[in-house]
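Colleague: Before we go through the features one by one, could you show me the model and tell me how to read it?

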Amino acid sequence: PQVSGIIRRRFFTEGSIVQRGQTLYEIDPRLYRAAVNEAEANLASARANADATRVRADRYKPLAAMEAVSKQDYTDAAAQASQAGASVQQTRAALETARINLQFTKVPAPITGRIGRSLFTEGALVTASQTDPLTTIQRLDPIFVDIQQSSADLLALRRALAGGGLVPTRAAVKLKLEDGSDYGETGSIQFSEVIVAPDTGTVTLRAQFPNRQGILYPGMFVRAQLARGHRDIVTLERT
């Protein structure tokens, strides 16, 4: 939550697919709507005061030139007009802040994905500074798979590539699921970490897979098969 208040309504079904921008919760907006109304009234008052002080300064300007009023009176009137103009800008900013806070009373989904259980019920008090999320959304399609490769194997591969023994290839990745069956979709390597994990001596490769049927879930263990290079074989025929 970006603002504090009581959760009035929950608009989603736990475990369903939600779309980005879809409203998930409504926080009681009454205090924030009242703040908007107050800010609008303050802005109207500041504008009226700015108009009055500007008119007064405009009237004093020719009178000061004719010495019908003192130059100090005109200087004071011009300064009051400038201050009133600045007050209009301040109250306009306060109104914009109040409107933003009112918008924050509707909590939207930041991404499209499958939403989990709600960790807060209707009537619960939430705060803008809390660390606990209201719920969790998992984006399952596409999904990322982290693959651990030993740093020794990665070093041997780079040496083979540098020595000409292997030709680089685009790394297509196949998966075997926990029950030993093949995952039907093919993924591709997105990037490789540049840090070796000191406790395991491995480097993390991240692959992206389509997951339209929702077979892969976060936290699932799979076995990956991939090729980072291939050997060119040349056949010579004697004539």
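This is a predicted model: local features need pLDDT of at least 70, side-chain atom pairs count only at pLDDT 80 or more; totals for chains, interfaces and linings use all residues.

Colleague: How many aromatic pairs does a search of the whole structure find?

Modeller: The search finds two. In one of them, Phe12 and Tyr25 have ring centres 5.4 Å apart and planes at 80°, and because planes over 60 degrees apart count as edge-to-face, that is how this pair is classed. Phe12 belongs to the loop between β1 and β2, whereas Tyr25 is in strand β3, 13 residues apart, and both Phe12 and Tyr25 are buried. The rings of Tyr183 and Phe209, with centres 6.1 Å apart and planes at 70°, are likewise edge-to-face; this pair links strand β11 to strand β12 across 26 residues.

Colleague: In what order do the strands of the open sheet of five run?

Modeller: The order is β8-β12-β11-β10-β13, with antiparallel pairing, and the edge strands, β8 and β13, each pair on one side only. Within this sheet, β10 and β11 pair over four bridges, and Tyr183 of β11 is the bridge partner of Leu175.

Colleague: Which residues of α2 are buried?

Modeller: In general, an α-helix has 3.6 residues a turn, so residues three or four places apart point the same way. The buried residues of α2 are Ala77, Ala81, Ala84, Val88, Thr91, Leu95 and Ala98, and what covers them includes α1.

Key:
Residues are numbered from 1 along each chain as its sequence is written. Side-chain values use heavy atoms; hydrogens and water are left out. Buried means under 20% relative accessible area, exposed over 50%, partly exposed in between (1.4 Å probe, protein chains only). Helices (H or I, at least four residues) and strands (E, at least two) are DSSP runs, numbered from the N terminus. Contact means heavy atoms within 4.5 Å. Two strands pair if DSSP finds at least two bridges between them. Rings of Phe, Tyr and Trp (its six-membered ring) pair if their centres lie within 6.5 Å; planes under 30 degrees apart count as stacked, over 60 as edge-to-face and the rest as tilted.
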